[in-house]
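Please look over the sequence and the structure before reading on.

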Amino acid sequence: MLFSSCHKVTPAGFWVNHREEYLIESENDQGPWGGHRALYWRADFKYTFRPAEVIDFATENGWQITDSIFFSANDLIKWDFNGPTFPFTYADFSEEDMQASTFPRWITSDVRLYRFKTGWIAVEPGNARDTENNGYIVIGADGKEMSVYHLWGE
């Protein structure tokens, strides 16, 4: 049911080494039935995190981009479930589909979100619905901030 390429020691583990001089936060919980990873980078200079470079890095490590979506800072205000969070979704980013999650949301400005198939699946607890689109990269509009989110298993 779960699969990965042999160069991944843990799901999304390769992100820890990406631009590590800018890595501010790193959360990781890899259990036997599922897990998650959330990382946050911040730089002082605009366009430090360029989408093409980040997408190339993700692709080189087995992630396949499926789409991208722009969200304004006002849109992000809705992503608040007892504090600013990143809402994991098993379908689209419609308000009725967003799930409360334990993922922190560090970026508060306009963002572009990139969604990826990661080689892992996420199964909605208590439901048969699953998704292969379970890796997300969020880059602030000015390129100074970036977050990565990955949820797998049940």
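## The cavity

A cavity is a set of grid points where a 1.4 Å probe fits but cannot get out. The model described here is predicted. By this rule it has 1 cavity of 30 Å³ or more, and the largest cavity holds about 40 Å³ of space.

Which residues line the largest cavity? They are Leu76, Trp79, Phe86, Arg105, Ile107, Val111, Val138, Ser147 and Tyr149. By type, the lining divides into 7 nonpolar residues, 1 polar and 1 charged.

## Confidence

The pLDDT averages 87 over the chain, and 88% of the residues score at least 70. Over residues 1-7 the pLDDT stays under 50. For this stretch the model has 13 contacts beyond four places in sequence. Where pLDDT is low, the predicted coordinates should not be read in detail.

## Overall layout

The chain contains 2 helices and 6 strands. Read from the N terminus, the order of these elements is β-β-α-β-α-β-β-β.

Of the 154 residues in the chain, 45% are buried. Among contacts with a separation of 6 or more, 66% are between residues 24 or more positions apart.

In soluble globular proteins, nonpolar side chains tend to be buried together. In this model the largest nonpolar core has 18 residues, of which Trp15, Trp63, Ile137, Met146 and Val148 touch the most other members. At least two residues of this core come from each of strand E2 (34-42), helix H1 (51-60), strand E4 (111-123), strand E5 (130-140) and strand E6 (145-153). Helix H1 gives the most to this core, with 4 residues.

Another core, of 17 residues, lies apart from the largest one. Its members include Phe86, Phe103, Trp106 and Tyr136. Phe86 is also one of the residues that line the largest cavity.

## Aspartate 75

Aspartate 75 lies in helix H2, which covers residues 73-76. Is aspartate 75 buried, partly exposed or exposed? Its relative accessibility is 27%. Buried means under 20% and exposed means over 50%, so aspartate 75 counts as partly exposed.

Aspartate 75 and valine 111 are 36 residues apart along the chain, and their C-alpha atoms are separated by 9.7 Å.

Terms used: Residues are numbered from 1 along each chain as its sequence is written. This is a predicted model: local features need pLDDT of at least 70, side-chain atom pairs count only at pLDDT 80 or more; totals for chains, interfaces and linings use all residues. Side-chain values use heavy atoms; hydrogens and water are left out. A nonpolar core is a set of buried Ala, Val, Leu, Ile, Met, Phe, Trp, Tyr and Cys residues joined through side-chain atoms within 4.5 Å. Buried means under 20% relative accessible area, exposed over 50%, partly exposed in between (1.4 Å probe, protein chains only). pLDDT is the predictor's confidence in each residue, from 0 to 100. Contact means heavy atoms within 4.5 Å. On a 1 Å grid over the protein atoms alone, a cavity is a set of points where a 1.4 Å probe fits but cannot get out, and a pocket is an open set with protein on both sides within 12 Å along at least five of seven lines; lining residues have an atom within 4 Å of a point. Grid points are joined across faces, edges and corners, and a volume is the space filled by probe spheres set on the points. Ala, Val, Leu, Ile, Met, Phe, Trp, Tyr, Cys and Pro count as nonpolar, Asp, Glu, Lys and Arg as charged, and the others, Gly among them, as polar.
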